[in-house]
Amino acid sequence: MDTMRERFTSVTSRLLDEDPRLAVVLADISADRFAGAAERHPDRVVNVGIREQLLVGVGGGLALTGLRPILHTFASFLVERPFEQVKLDFGHQDVGGVLVSAGASYDWPSGGFTHMAPGDVALLDTLDGWTVHVPGHPDEAETLLRHAAAAGDDKVYVRLSLQVNDAPRPVDGAGFHTVRQGRRGVVVAVGPMLDNVLAATEGLDVTVLYATTVRPFDAASLRAATGAANASDVVVVEPYLAGTSTRFANDALADRAHRVLGLGVGRQELRRYGQLDEHLAAHGLDPHGLRERIAGFLRGRS
């Protein structure tokens, strides 16, 4: 199976052939994978080098001309480093584009903390009007990427990861989808966390919702799931900073007595490189860690 990043480069290269409004802006990362597209469309594949602030600025400028820019690099260099440009060149200028990241929270642990971005979605939450997709499988990434490319002038962030679920699920670029139904609580599994959540909740009487589009937050589906289960306990499991979506879940259930537990990447920096699965375990995001915390939360209901 190809990775999400490989799927992104192949699909986007084809989209450039199909849609003359699309343009790709790179900062060296993945530039070799767009070599063929750059030969065919030299005016719409731009590599600015290792200049991430310029990457975003050029994308914003292309959007002002009427193009639909797709910007790509590691998440830490796409959202965190050039955040002022994201805020001003897209938000303040009121133009749209598609940011497609690689690296996720800790896909490349040996790259160190400079290449980790567990806070990217929380940072984008400080801005208005961003749609955020977090696919859990390359097939889902393709669907959501095509949806983002065709999304008019919307501002869209597509967060790619090396962590994937074994099988794709139907996604529509909108709401949450019910994977399992239960009566003691609702667990929202975001993107590549689904398989671990399903393993962790095996035998527990809980509803599992699958979320690949996390912004806008699907309050209606969460309310429906808690109502159907007659359950007031909600756990949100995200592959980025723990608690990123807790506020949205609380807002969705503000008129009901409820409890929300946010599970995700901890704030403490892990300074040993390790491997991806070791980082998941260290943050309690492996099936064993999730089982302990979800079951303990449900046992602790008042």
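Reply: Rings of Phe, Tyr and Trp (its six-membered ring) pair if their centres lie within 6.5 Å; planes under 30 degrees apart count as stacked, and planes over 60 as edge-to-face. The model is a predicted one, and the structure holds six aromatic pairs.

One of these pairs is formed by Phe74 and Trp108. The ring centres of Phe74 and Trp108 are 6.4 Å apart and the planes meet at 20°, so this pair is stacked. Phe74 belongs to strand β3 (residues 68-74), whereas Trp108 is in the loop between β4 (97-102) and α6 (120-124); the pair therefore ties together parts that are 34 residues apart in sequence. Phe74 counts as buried because its relative accessibility is 13%, a value under the 20% limit. Trp108, in contrast, has a relative accessible area of 42% and is therefore partly exposed. Ring pairs also bring in Phe77, so that Phe74, Phe77 and Trp108 are linked into a cluster.

Another pair joins Phe176 and Phe217. Here the ring centres are 5.2 Å apart and the planes stand at 85°, so the pair is edge-to-face. Phe176 is located in the loop between β6 (155-159) and β7 (177-180), and Phe217 in the loop between β10 (213-215) and α9 (219-229); the pair links distant parts of the chain, 41 residues apart. Both Phe176 and Phe217 are buried.

The charged end of Arg247 sits over the ring of Phe248, at 4.2 Å from the ring centre.

Attention may now turn to Ser76, which is part of helix α4 (residues 75-80). With a relative accessibility of 6%, Ser76 counts as buried. The side chain of Ser76 reaches the backbone oxygen of Thr114 at 2.9 Å. Thr114 is also one of the residues that Ser76 contacts when neighbours within four places in sequence are left aside; the others are Arg81, His115, Met116 and Ala117.

Asn230 lies in the loop between α9 and β11 (233-241), and its relative accessible area of 71% is why Asn230 counts as exposed. Between the C-alpha atoms of Asn230 and Val265 there are 29 Å, the two residues being 35 residues apart along the chain.

Note on methods. Residues are numbered from 1 along each chain as its sequence is written. This is a predicted model: local features need pLDDT of at least 70, side-chain atom pairs count only at pLDDT 80 or more; totals for chains, interfaces and linings use all residues. Side-chain values use heavy atoms; hydrogens and water are left out. Helices (H or I, at least four residues) and strands (E, at least two) are DSSP runs, numbered from the N terminus. Buried means under 20% relative accessible area, exposed over 50%, partly exposed in between (1.4 Å probe, protein chains only). A polar contact is a pair of N or O atoms within 3.5 Å; within protein, one must be able to donate a hydrogen and the other to accept it, and residues adjacent in sequence count only if both atoms are side-chain atoms. Contact means heavy atoms within 4.5 Å. A charge sits over a ring if NZ of Lys or CZ of Arg is within 6 Å of the ring centre and within 35 degrees of the ring normal.
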